[in-house]
Amino acid sequence: MTFEDAVKFYGSSRAISRALQMTDGRISQMKSAGGFSYPVQCVLEKDSGGKLIARREDEPKSQPAAA
């Protein structure tokens, strides 16, 4: 899923941060990086009841290093 797919489903970045139990800032970082990693997509797929689909091809091209 793309970041835009998730925003369409959840309605806002803040709602995504609540679903993932992450800060708004972390969601903003993911958006800037180009989207969600595959494992994060899998969490959103499960939370959405399968309405969002995790796809490896939608992962950002380069993953930022963990802080």
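Visitor: Why is Ser-17 called buried?

Guide: This is a predicted model. In it, Ser-17 has a relative accessible area of 3%. Buried means under 20%. Ser-17 is therefore buried.

Visitor: Where does Ser-17 lie?

Guide: Ser-17 is part of helix α2, which spans residues 13-20.

Visitor: What is Ser-17 in contact with, beyond its neighbours within four places in sequence?

Guide: The partners are Met-22, Thr-23, Asp-24 and Ile-27. Take Ile-27: ten residues separate it from Ser-17 along the chain, and their C-alpha atoms are 6.2 Å apart.

Visitor: What makes the pairing of the Ser-17 and Asp-24 side chains a polar contact?

Guide: The distance between them is 2.7 Å. The cut-off is 3.5 Å between N or O atoms, so a pair within that limit can count, given a donor and an acceptor. The Ser-17 and Asp-24 side chains are joined by such a contact.

Visitor: How do you know that Gln-21 is exposed?

Guide: Its relative accessibility is 75%. Exposed means over 50%. Gln-21 therefore counts as exposed. Gln-21 sits in the loop between α2 and α3, the latter covering 24-33.

Visitor: Which residues of helix α4 are buried?

Guide: In α4, residues 38-47, they are Val-40, Gln-41 and Leu-44.

Visitor: How do you know that these residues are on the same side of α4?

Guide: Around the axis they cover an arc of only 100°, so they fall on the same side of α4. The face turned away from that buried side carries exposed residues, Pro-39 and Lys-46.

Visitor: What do the buried residues of α4 pack against?

Guide: They pack against three helices: α1 (3-10), α2 and α3. After α4 comes Gly-49, with a positive phi near 70°.

Visitor: Why is Asp-58 called buried?

Guide: Asp-58 has a relative accessibility of 14%. The limit for buried is under 20%. Asp-58 therefore counts as buried. It belongs to the segment after α4.

Visitor: What does the side chain of Asp-58 reach at 3.0 Å?

Guide: It reaches the backbone nitrogen of Met-1. Met-1 is also one of the residues that Asp-58 touches, leaving out those up to four places away in sequence.

Definitions and conventions:
Residues numbered from 1 in each chain as written. Predicted model: local features only at pLDDT ≥ 70, side-chain atom pairs only at ≥ 80, totals over all residues. Heavy atoms only, no water. Helix = DSSP H or I, 4+ residues; strand = E, 2+ residues; numbered from the N terminus. Buried < 20%, exposed > 50% of the residue type's maximum accessible area, 1.4 Å probe, protein only. Contact = heavy atoms within 4.5 Å. Arc of directions from axis to C-beta.
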